[in-house]
Each structure stands twice: as C-alpha cells, then as structure tokens.
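Biologist: I am new to this structure and would like to learn how to read it. Could you walk me through its features?

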Amino acid sequence: MTLPASSATSSTPTAAGLWKPVLLRAGIALVFGAVTVFWGSPSVYVLAWATGLYLVATAAGAFLAGSVPTAAAVIIGLSGVGALITQSDTGAAVSALVGLMVLGVSELVRGFRQRGRHVLARDWMISGVVGIGTAVALPFFIGLGAHALLGVAGGGAIISGVLWVLSGLSLRHDGRTPSAEAVN
C-alpha cells in the first residue's frame with residue numbers, strides 16, 4: 001500500500017470504500033422513483049408514506065455516503081417523519097421541500113468546498129442542483145394532488161438515482177486497481 005502524496009489527499013476516502021454507500025443511496029432513490037412511476041392512482045396516504053420513508057432512508061444513505069453532515073441528515077430525516085405525521089398533500093409537499101432543499105444545499109456547498117479534493121465533489125454538485133430544483137418545483141404541484149407530487153419527487157429521485165449508480169459503479173471500477181486488489 002502506498003501512502004498519499006500530500007496531507008490533502010489523506011482525508012479523501014478511497015474509491016474502494018465509498019462505492020457501497022453510494023450504491024445504497026442510488027438504490028433508495030431508484031426504488032422510490034419506481035414506486036412513483038408504477039403506482040397508478042396513489043392516495044394521499046401513499047404520498048405521505050412513500051415520501052416519508054424515502055426522506056428517512058435518503059438521510060441515512062446520504063450520511064453513510066458522506067454527502068451531508070450529521071445535522072443535515074437529522075433535518076432530512078425529521079422532514080420524512082413530518083411527511084408521515086401530516087398525511088396530507090400540503091404536509092408531504094412541504095416536508096419534502098424542506099428535506100430536499102437541505103439535502104440539495106448541503107451537497108452543493110460540500111461539492112464546491114471539496115472540488116478537486118474529493119472524488120465525489122462533482123456528483124455532489126449535480127445532485128445538489130437536482131435536489132434544489134425538485135424542492136423548488138414541488139409547491140407548484142400541491143393543488144394537483146398526490147399523483148403529481150409523487151411524479152415531481154420521483155422524477156428528481158430517478159435523476160439522482162441514475163447519477164449515484166454511475167458514480168458508485170465508477171468508484172467500484174476505480175477501486176479495482178492492481179494495488180487495491182492486492183490489499184483486498
């Protein structure tokens with residue numbers, strides 16, 4: 001095993017260790033996206049439960065992948081709990097707005113701060129823009145009901161899920177260098 005060339009790279013997680021939590025996060029987003037696509041006529045309860053569970057799982061996945069700090073993960077998780085408690089179109093939309101906005105801003109800021117120093121910096125910036133865009137769009141669809149809200153949130157989840165799948169698979173591939181295989 002070779003040592004990093006500088007102290008700046010020593011704090012950067014290796015690709016070999018990051019791919020699993022990144023793919024976990026991708027799976028969470030894609031499962032939620034699939035639910036939103038294939039549920040034909042969701043009720044407000046489906047909206048609340050799907051959105052709430054998605055936000056709680058995303059908070060955990062983003063925290064494990066190192067995308068957000070602990071405080072942001074807690075806020076995102078609590079916004080999911082808020083969607084579960086309110087059981088209304090407006091409550092689920094506002095909860096998702098808060099959770100996705102915190103997620104998006106956290107990732108965007110982290111991406112800009114770690115640009116050029118962390119392997120996921122660009123992906124955080126893209127995911128941050130997607131999260132912020134989804135959060136900003138949600139209030140315009142409250143009056144259209146659960147189906148529209150799930151469509152908007154699910155669309156953002158599918159976009160970010162595909163991004164994180166590509167990122168996780170790239171990390172997995174990059175982690176399979178001859179020196180990494182010798183250590184494993």
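Modeller: We will go from the overall fold to the cores, and then to some single helices and residues. This is a predicted model, where local features need pLDDT of at least 70, side-chain atom pairs count only at pLDDT 80 or more, and totals for chains, interfaces and linings use all residues. Residues are numbered from 1 along each chain as its sequence is written, and side-chain values use heavy atoms, with hydrogens and water left out.

Biologist: How many helices and strands does the protein have?

Modeller: Helices (H or I, at least four residues) and strands (E, at least two) are DSSP runs, numbered from the N terminus. Here there are 8 helices and 0 strands.

Biologist: What share of the residues counts as buried?

Modeller: Buried means under 20% relative accessible area, exposed means over 50%, and partly exposed lies in between, with a 1.4 Å probe and protein chains only. Of the 184 residues in this protein, 44% are buried.

Biologist: And how do I read contacts along the sequence?

Modeller: A contact means heavy atoms within 4.5 Å. Taking contacts between residues at least 6 apart in sequence, 76% join residues at least 24 apart.

Biologist: Which residues touch the most other members of the largest nonpolar core?

Modeller: In soluble globular proteins, nonpolar side chains tend to be buried together. A nonpolar core is a set of buried Ala, Val, Leu, Ile, Met, Phe, Trp, Tyr and Cys residues joined through side-chain atoms within 4.5 Å. The largest one here has 28 residues, and Phe32, Tyr54, Leu100 and Leu138 touch the most other members. Two or more residues each come from α2 (15-38), α3 (44-64), α4 (70-86), α5 (89-113) and α7 (146-174). The biggest contribution, 7 residues, is from α3. There is also a second, separate core of 10 residues, with Leu18, Trp19, Leu120 and Leu163 among them.

Biologist: What does Tyr54 touch?

Modeller: Leaving aside residues up to four places away in sequence, Tyr54 touches Ile28, Ala29, Phe32, Leu100, Ala157 and Ser160.

Biologist: How many aromatic pairs are found in the whole structure?

Modeller: Rings of Phe, Tyr and Trp (its six-membered ring) pair if their centres lie within 6.5 Å; planes under 30 degrees apart count as stacked, over 60 as edge-to-face and the rest as tilted. The search finds 1 pair. Phe32 and Tyr54 are stacked, at 4.2 Å centre to centre with 10° between the planes. Phe32 lies in helix α2 and Tyr54 in helix α3, so the pair ties together parts that are 22 residues apart in sequence. Both residues are buried.

Biologist: How far does α4 reach from its first C-alpha to its last?

Modeller: The expected span of a helix is 1.5 Å times one less than its number of residues. With 17 residues, α4 reaches 24 Å, close to the 24 Å expected. Its buried residues include Ala72, Ile76 and Gly80, and what covers the buried residues of α4 includes α3 and α5. Just after α4, Gln87 takes a positive phi of about 50°.

Biologist: Is His118 buried or exposed?

Modeller: His118 counts as buried because its relative accessibility is 14%. His118 sits in the loop between α5 and α6 (121-137). A polar atom of the His118 side chain lies 3.0 Å from the backbone nitrogen of Leu120.

Biologist: Where does Pro139 lie?

Modeller: Pro139 is in the loop between α6 and α7, and is partly exposed at 39% relative accessible area.

Note on methods
Polar contact = N/O pair within 3.5 Å; in protein donor to acceptor, adjacent residues only side chain to side chain.
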